[in-house]
Amino acid sequence: MKYPTSPFSSNLKFNNAPVDLSKNNISGELSIAGCTASALVKEFGSPLFVIDEADFFLRANAWKSALQESFANGKLYYAAKSFISIEIVKWLKALELNLDVCTGGELAVALAADFPTDRIEFHGNNKSVAEIEMAVNAGVGTIVIDSFIEIERIAQIAKSAGKIQNVYIRLTPGIQAHTHEFISTAHEDVKFGFSIASGAAVAAVEKTLTHKSLNLIGVHCHIGSQIFEVTGFTMAAQRLVATLAEIKEKFGTELPELNIGGGYGIAYTTQESAISPQDVLPALAKVIKEECARFKLALPIISIEPGRAIVGPTTTTIYEVGTTKSVTLEDGTIRNYISVDGGMSDNIRPALYGAKFSAFLANRESASEKISSRVVGKHCETGDILIFDINFAADIAPGDLLAFPATGAYGRSMASNYNHIPRPAVIAVKDGAARTILRRENQADLLALEVTQAPRRLS
Ligand code: LLP
């Protein structure tokens with residue numbers, strides 16, 4: 001199956017195709033899976049997250065089948081943190097995927113969609129007692145242990161429930177992933193996992209094996225997110241296999257599973273290109289098979305946990321332009337500030353990670369000259385910048401629509417109500433038809449949390 005490396009959903013088109021999206025001289029109107037931007041906004045309002053359902057299935061199937069080609073027994077967990085809703089979970093069920101959740105809230109969505117609990121894996125560096133109880137009682141397939149305290153906590157809860165809980169241990173393989181510091185997770189100085197180098201990993205295995213209510217089935221690592229270099233993944237896999245060998249030697253136990261996490265990078269702009277399943281999975285298979293042969297280990301069941309690579313490119317945010325303003329800079333150049341009706345509350349990635357996005361005029365063509373522009377949100381904060389510097393049509397005006405492709409991962413899922421802005425709706429489009437899968441919040445939703453209460457003395 002060919003994997004689309006374009007930054008944009010495979011059904012994203014402008015009417016007067018073919019169009020080179022890398023230039024801003026687009027013509028016609030944007031349509032996604034047969035729905036035009038203006039029709040979508042007319043029906044559902046703005047801003048909107050528009051998710052291309054067929055593209056979601058295409059990308060998920062591409063990763064799933066590539067995983068099966070490289071590892072006959074591979075398991076794909078979709079990382080819910082990238083974006084989850086009941087409808088998405090139904091799609092995952094139809095795709096026969098597994099699901100990685102990292103909070104009781106994400107687990108609640110999975111349960112509400114009746115997802116098979118034995119195909120769920122529960123992550124997190126600080127799962128609460130209540131969350132662990134919820135997971136154990138729901139029959140979650142695997143809990144990923146992240147600390148010594150948690151070994152005891154999960155063991156105790158499983159024991160009280162009269163269950164034997166399958167667990168992985170999360171390891172820190174000491175890899176410096178080349179990505180933003182805040183989304184890099186497997187170097188030594190991080191909050192996640194047990195360090196292999198310090199011996200904590202083997203000590204955690206020893207401790208876990210002492211508990212009859214825990215069934216240790218494998219080790220896990222996740223080296224970070226938005227990673228393009230295959231060597232980070234292969235080096236991590238190599239260190240994990242070596243750890244499996246050490247565990248076998250020390251405890252006589254050959255753990256049957258190895259989970260290498262997610263983190264596969266996607267393209268956000270026309271200048272970038274994604275890492276494809278074919279780039280990474282055969283390379284991983286080669287290393288893992290060689291290392292297992294070297295240590296005389298049976299090939300474990302291999303799992304991966306992509307989130308962004310599946311949902312990221314499926315979704316386009318559509319904003320409406322509200323105001324524009326020309327600002328003369330110190331060197332005399334003029335910058336056009338284009339303000340849209342959302343911003344850092346629906347896309348925190350530029351402000352938090354310096355992430356770059358592309359934007360396109362979505363409702364019409366423009367032949368006007370391209371001028372230095374900055375796309376900003378409507379929040380009361382200077383740093384509320386969605387695109388720092390873009391050459392954009394000079395005639396952009398209030399009422400125009402802007403499309404930001406590749407906003408499906410960590411957009412809606414990290415959205416906030418900063419400045420009391422209701423979070424946008426998520427609309428699924430397919431074959432020229434559109435439907436809401438998450439409705440837009442309204443001011444009544446925000447006010448619903450307000451409580452007027454007399455003070456009570458607490459004992
Ligand atoms: N598995 C584990 C254990 C993770 O921590 C993550 C992401 C994933 C899988 C999925 O990674 P993905 O394939 O989606 O890259 N908010 C940041 C990304 C944080 C990722 C956290 N963990 C961003 O917007 O770039």
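The shell around the ligand takes at least three residues from each of two domains, domain 1 (19-52 + 313-447) and domain 2 (123-306). Those bounds come from an automatic or database domain assignment. Before I go on: this is a predicted model, where local features need pLDDT of at least 70, side-chain atom pairs count only at pLDDT 80 or more, and totals for chains, interfaces and linings use all residues. Residues are numbered from 1 along each chain as its sequence is written, and side-chain values use heavy atoms, with hydrogens and water left out.

Now the shell itself. How many residues surround the ligand? There are 19, and the closest are Ser 225, Glu 305, Arg 349, Tyr 353 and Tyr 410. By type, the shell divides into 6 nonpolar, 7 polar and 6 charged residues.

Next, polar contacts. A polar contact is a pair of N or O atoms within 3.5 Å; within protein, one must be able to donate a hydrogen and the other to accept it, and residues adjacent in sequence count only if both atoms are side-chain atoms. The side chain of Ser 225 places an N or O atom 2.3 Å from a ligand oxygen. For Arg 349, a polar side-chain atom lies 2.6 Å from an oxygen atom of the ligand. Gly 263 uses its backbone instead, with an N or O atom 2.8 Å from a ligand oxygen. The ligand taken alone exposes 590 Å², and the protein buries 92% of that. Those areas come from the Shrake-Rupley method with a 1.4 Å probe; for residues, only the protein chains shown count as cover.

Tyr 410 has a positive phi of about 60 degrees although it is not a glycine. Most residues other than glycine have a negative phi, and most peptide bonds are trans. Tyr 410 sits in the loop between β19 (401-405) and β20 (425-430). Helices (H or I, at least four residues) and strands (E, at least two) are DSSP runs, numbered from the N terminus. Is Tyr 410 buried or exposed? It is buried, with a relative accessible area of 16%; buried means under 20%, exposed over 50%, partly exposed in between, with a 1.4 Å probe and protein chains only.

Ala 33 also has a positive phi, near 50 degrees. It lies in the loop between β2 (30-32) and β3 (35-36), and at 10% relative accessibility it counts as buried. The cis peptide bond is between Ser 46 and Pro 47, with omega about -5 degrees. Pro 47 is in the loop between α1 (37-44) and β4 (48-52).

Gln 226 is in the loop between β11 (214-220) and α8 (230-251). Its side chain reaches the backbone oxygen of Ile 266 at 2.8 Å, and a 3.5 Å polar contact joins the side chains of Gln 226 and Arg 308. Gln 226 counts as buried, at 11% relative accessibility.

Last, the whole chain. It has 12 helices and 21 strands, and 54% of its 459 residues are buried. The centres of domain 1 and domain 2, taken over C-alpha atoms, are 37 Å apart.

Note on methods: A residue is near a molecule or strand if one of its heavy atoms lies within 4 Å of it. Ala, Val, Leu, Ile, Met, Phe, Trp, Tyr, Cys and Pro count as nonpolar, Asp, Glu, Lys and Arg as charged, and the others, Gly among them, as polar.
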